[in-house]
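Subject: Structure handover

Hello,

Here is the structure I said I would pass on. Please open it alongside this message, as the notes below refer to it.

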Amino acid sequence: TVTETDWATADKTALRKKLMPEREFEDVRPDFNKTWSYFPAIRKPIIGAINGAAVGLGFVLQLYCDIRIASDQARFGTAFSQRGLIAEHGSAWLLPRLIGISNALDMLYSSRLVKADEALRMGLVSRVVPHDALMSTVREYAVHLATMVSPLSLRVIKKQVYNALVTDLSDAIETANDEMLLSFASNDFGEGVAHFMEKRAPKFTGS
């Protein structure tokens with residue numbers, strides 16, 4: 001445990017390694033191997049189901065989810081400025097990309113609680129549903145992804161989107177061109193065409 005007086009004299013390098021260790025995902029950008037920024041390195045979609053107060057670190061964690069679906073009882077707040085702290089774990093980079101600079105600074109400056117309907121208007125969440133319907137809605141969406149779309153497509157699209165946040169348009173286009181050629185040769189592309197023509201449920205393998 002680090003006491004209040006230790007913060008000023010502690011070895012900052014050792015403290016960072018202890019409190020904020022690096023991750024060890026392979027074949028991902030260093031950006032996505034940090035303590036809390038590893039969600040983009042996970043190859044499957046991550047759906048956040050927010051049913052209450054997402055504040056402080058809880059607020060940061062839900063930012064890194066691929067998709068956020070909120071209960072109408074959900075609340076969102078940064079809390080940092082009211083504690084004499086700063087925007088932690090990359091939230092100053094990610095939050096403006098989700099909701100715009102002015103909305104991001106409003107939340108970070110004021111630390112005020114944002115209700116679910118305002119979070120939806122900002123683009124902080126994708127959908128707001130009645131509290132009692134939250135988990136069934138999230139499960140239904142997850143089942144759709146698991147059964148109706150290609151795991152290969154999901155895996156590549158997720159990597160494309162997150163890498164494109166930190167590359168230029170030219171690189172994004174070249175990556176898309178290369179990945180499209182690979183997808184044409186995949187089993188999932190063959191199955192995607194076949195199940196559409198045969199009007200049946202797909203049987204994707206992710207290969």
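This is a predicted model: local features need pLDDT of at least 70, side-chain atom pairs count only at pLDDT 80 or more; totals for chains, interfaces and linings use all residues.

Three strands make up an open sheet with mixed pairing, and their order is E2-E4-E5. Strand E2 (53-55) and strand E5 (114-115) are the edge strands, each pairing on one side only. Between E2 and strand E4 (residues 75-77) the pairing is parallel, over three bridges. Within this part of the sheet, Ala 53 stands opposite Arg 75 in E4. As a reminder, strands of a sheet pair through backbone hydrogen bonds, in either the parallel or the antiparallel sense.

Next, the surface. A nonpolar patch is formed there by Met 180, Leu 181, Phe 184, Phe 189, Val 193, Phe 196 and Met 197, which together have about 770 Å² of accessible area. The elements that contribute two or more residues to it are H9 and helix H10 (187-198). H10 supplies the largest share, four residues.

Met 180 belongs to helix H9 (residues 169-184). Its relative accessibility is 45%, so Met 180 counts as partly exposed. The C-alpha atom of Met 180 is 10.0 Å from that of Ser 153, a residue 27 positions away along the chain.

Regards

Key. Residues are numbered from 1 along each chain as its sequence is written. Side-chain values use heavy atoms; hydrogens and water are left out. Two strands pair if DSSP finds at least two bridges between them. Buried means under 20% relative accessible area, exposed over 50%, partly exposed in between (1.4 Å probe, protein chains only). Patches are made of residues with over 30% relative accessible area and no salt bridge: like charges are joined within 9 Å, nonpolar side chains (Val, Leu, Ile, Met, Phe, Trp, Tyr) within 5 Å. Accessible areas come from the Shrake-Rupley method with a 1.4 Å probe; for residues, only the protein chains shown count as cover. A salt bridge is a side-chain nitrogen of Lys or Arg within 4 Å of a carboxyl oxygen of Asp or Glu.
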